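Colleague: I should like to learn how to read a model of this kind. Could we go through it together?

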Amino acid sequence: MDPHPTSLHLAMAAFFGASLMAISAFFIHKRSVDQILERLIEVRRRVVVYPDHHRLIDSELGFEDVEDDEEHGVVVEDDKDGVEDDEDVVDDVNEGFDVEEEEDEDYRGKVENFNMNLNKAISYGISSSVPNFTGDDSSLRTSTSSTEIDSETISKVPSENTVPSNGHCKELQDRDAIPIKENTKSSADSKTPGLPQTQKHRVAACERKAILDLPANVEIDMAPTEAEENDFNTVLPLKAAIPVPLNTEEEEVRRMLRECLKLRETYIYEEEVAPWCKPVNAAATGKNEDPFHFYPVEKSNHDCRMEDGVMHVYASKNDTVELFPVPTATQFFTDMHHILKVVSTGNVNSACYHRLRFLEEKFRLYLLVNSDREFLAQKSAPHRDFYNIRKVDTHIHHSACMNQKHLLRFIKSKLRKEPDEVVIFRDGKYLTLKEVFESLDLTGYDLNVDLLDVHADKTTFHRFDKFNLKYNPCGQSRLREIFLKQDNLIQGRFLAEVTKEVLSDLEASKYQMAEYRISIYGRKQSEWDQLASWFINNKIYSENAVWLIQLPRLYNIYKGMGIVTSFQNIIDNIFLPLFEVSVDPNTHPQLHVFLMQVVGFDLVDDESKPERRPTKHMPTPSEWTNGFNPAFTYYTYYCYANLYTLNKLRESKGLPTIKLRPHCGEAGDVDHLAAGFLLCHNISHGINLRKSPVLQYLYYLAQIGLAMSPLSNNSLFLDYHRNPFPMYFQRGLNVSLSSDDPLQIHLTKEALIEEYSVAAQVWKFSACDLCEIARNSVYQSGFTHAAKLHWLGDKYFLRGPEGNDIHKTNVPKLRIAFRHETWKEELQYVYNGKARIPEEIDLF
């Protein structure tokens with residue numbers, strides 16, 4: 001026999017030795033874990049109170065250093081018989097820990113460090129995962145600190161401060177309670193005589209669930225003891241959802257957000273009496289039998305005076321008290337810079353970004369749970385589907401309201417039927433339509449869509465100048481003047497005819513509406529009368545359309561041409577006729593009739609142009625005589641200030657008002673969006689909100705309407721797949737789809753349906769999503785109260801599911817309830833549970 005051990009013997013010996021070491025290590029580890037768990041169980045029985053919020057929380061061990069106790073406002077209430085000091089508490093916690101004398105010094109050092117951290121944790125009241133609870137009577141007692149807490153401190157929290165969590169918990173009123181039976185018991189209860197039996201059992205059950213990582217609604221199958229049988233009828237009041245105590249930074253963030261929302265309320269125009277509160281008369285049926293008839297209106301004694309670029313209204317010429325004061329330019333620019341300061345603050349950006357991400361993920365979770373229920377609700381609504389619910393094109397330019405094929409057919413038709421019509425004066429002579437095309441070496445047969453060249457392509461991306469050139473058919477400005485202008489030699493007859501064709505197609509679709517933008521340039525005051533006479537003489541009217549006035553920001557061009565001498569000239573040319581016709585409609589009867597169809601005021605031009613950000617020391621419009629174009633915010637303020645005064649005047653006389661709804665946030669600096677937040681009812685585009693979480697969150701809280709045009713953005717500033725529309729929609733912003741420029745962008749006859757179709761395919765929107773977007777568009781639009789009653793339901797002006805009629809909108813109440821509750825929760829978050837939620841929608 002070989003005296004030397006074989007490799008097999010060595011392997012067996014090694015295996016046997018390793019097994020012994022593993023078993024020894026297991027038992028040593030098990031003993032350490034058991035000791036730590038017992039120690040945590042003892043610590044979790046500490047109870048402390050946040051006196052500022054009347055919130056009961058149980059303490060939890062922390063191993064990180066903390067700062068002053070006074071910063072957290074944590075107070076341990078005294079027992080009637082006295083309170084043990086911290087050293088006694090630590091001694092009690094150490095009971096039951098058998099530390100062997102032969103253990104090394106390192107372990108003793110860990111125990112001492114644990115005791116020090118425990119002392120700090122008790123004094124700071126670090127919250128654990130164990131829920132708060134109360135006994136059946138008036139107090140609770142802990143086993144170690146003998147803390148007495150009045151149960152009324154929990155039940156006194158008002159229900160208005162609660163924030164529901166979308167179905168995960170129910171908000172209970174004061175004294176609501178549920179019966180509860182505890183069937184668990186801790187082995188350490190016999191060592192804590194100061195704790196009531198009911199509380200001890202609940203603590204033990206919660207501790208076991210926390211240790212085993214079980215959900216709160218999972219029961220632990222253990223036999224009840226005699227004491228638990230006696231406590232079967234104990235009721236446990238559910239705590240109200242109170243905002244968690246804030247640290248200084250988070251409270252500062254919320255305070256700044258509240259300040260921004262309050263600033264908007266001080267600027268934005270709101271009607272004194274809501275449309276649904278006004279008496280209903282025969283004229284409020286939604287249809288105007290004779291929209292072109294002028295009904296004489298008595299002249300008022302108001303006196304209007306232009307001062308520093310803003311119109312001031314007085315009761316009479318002798319009065320010195322202004323009737324409708326408006327914030328000054330200095331105040332506005334100061335407040336705007338305050339908004340920008342908040343926007344650039346790091347902690348506010350982080351907080352708003354996290355809230356927006358939370359909103360997005362919350363909506364995705366909602367869809368995961370409720371998408372099938374929404375689909376069934378839509379199937380149960382008779383007659384309605386996406387195609388026969390009302391949807392409004394909230395942003396479309398009148399000069400590009402037709403598609404390119406429609407314009408081509410119209411040009412060929414006129415060239416064939418009216419070739420001898422004198423249409424333009426060029427080069428010192430009058431030209432007929434046939435002569436114009438002969439000068440261009442074109443015939444009707446030669447024309448096609450490609451030759452027309454009005455469609456945007458990849459060459460227009462980030463080239464707003466080239467995009468504007470697409471308004472010229474065949475690249476000829478004379479054709480634009482003939483067919484797409486209303487102030488030309490033929491008094492805009494061709495444009496009126498093609499407009500009527502577009503309106504006829506719109507009415508044939510029945511469920512599609514539009515808000516067309518038509519230009520006033522501010523070069524002369526007579527522009528208003530020319531535009532009004534064009535509408536009245538050509539009888540342009542449709543129940544499916546309303547109109548907005550758009551002002552191109554072209555001061556620098558007019559200044560260079562010598563048309564104006566200062567920015568004040570443009571202000572006068574735009575607003576003086578409006579105030580004149582509002583005070584005395586008999587001075588401009590056609591303009592008075594036309595303004596009955598006007599619902600908004602828009603500002604348009606290339607936002608990407610570099611500009612200097614205004615300050616509170618900016619010159620007044622009369623002092624602005626240089627050749628540089630004023631900044632976007634400068635234009636916006638003076639349009640806002642004059643519209644604010646004009647609307648107050650018109651409302652006082654019972655006339656319809658005009659809302660400020662400019663192009664904003666398509667490109668350029670973020671201060672455009674800050675000005676829009678303060679001054680505007682709705683805006684068009686808003687894609688730059690993706691660059692500012694703070695402004696995006698503020699737009700969400702204020703529910704400012706965004707009329708977005710993803711296909712238009714795809715041709716100019718932002719690729720379609722990068723468009724933030726689906727993100728805005730998921731987060732709950734008030735978004736709608738619009739076509740912007742069908743002539744340059746769209747290929748089909750129904751441009752708005754094309755927008756919805758592409759969005760649904762690319763971003764996988766459901767039928768419910770599309771119907772919600774369409775419902776948003778009606779709310780954003782300027783159509784009359786009577787029309788919205790018919791389109792949305794008799795209670796459309798109420799917030800939440802009460803204001804939604806699925807038989808009109810095809811949007812399930814479940815979706816509207818989710819949006820409303822989520823929005824309320826965010827407001828309560830910002831206002832620390834003290835937000836007042838109105839029952840009716842905002843008028844702005």
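Colleague: What pLDDT does the chain average, and what share of the residues score at least 70?

Modeller: This is a predicted model, and its chain averages a pLDDT of 79. A score of at least 70 is reached by 74% of the residues.

Colleague: Over which residues does pLDDT stay under 50?

Modeller: Where pLDDT is low, the predicted coordinates should not be read in detail. Residues 47-104 stay under 50, and the model has 125 contacts for them beyond four places in sequence. Residues 207-242 also stay under 50, with 77 such contacts.

Colleague: Which residues touch the most other members of the largest nonpolar core?

Modeller: A nonpolar core is a set of buried residues joined through side-chain atoms within 4.5 Å. Here the largest one has 171 residues, and Phe-483, Tyr-516, Phe-601, Phe-677 and Tyr-697 touch the most other members. Helix α20 (residues 632-652) supplies the largest share of this core, 12 residues. A second, separate core of 14 residues includes Ala-274, Met-513, Val-778 and Leu-792.

Colleague: With which residues is Phe-677 in contact, leaving aside its neighbours within four places in sequence?

Modeller: Among them are Cys-260, Leu-261, Arg-264 and Ile-339. Phe-677 also contacts Leu-698, Tyr-699, Ala-702 and Ile-704.

Colleague: Which residues make the nonpolar surface patch of about 380 Å²?

Modeller: Val-422, Phe-425, Tyr-430 and Leu-489 make that patch. Leu-489 lies in the loop between α14 (477-483) and α15 (493-509). Patch residues must have over 30% relative accessible area; Leu-489, at 39%, is partly exposed and therefore passes this cut-off.

Methods. Residues numbered from 1 in each chain as written. Predicted model: local features only at pLDDT ≥ 70, side-chain atom pairs only at ≥ 80, totals over all residues. Heavy atoms only, no water. Patch = residues over 30% accessible without salt bridge, like charges linked within 9 Å, V, L, I, M, F, W, Y side chains within 5 Å. Areas by Shrake-Rupley, 256 points an atom, 1.4 Å probe, with all protein chains shown as cover. Salt bridge = Lys/Arg side-chain N within 4 Å of Asp/Glu carboxyl O. Helix = DSSP H or I, 4+ residues; strand = E, 2+ residues; numbered from the N terminus. Buried < 20%, exposed > 50% of the residue type's maximum accessible area, 1.4 Å probe, protein only. pLDDT = per-residue confidence, 0-100. Contact = heavy atoms within 4.5 Å.
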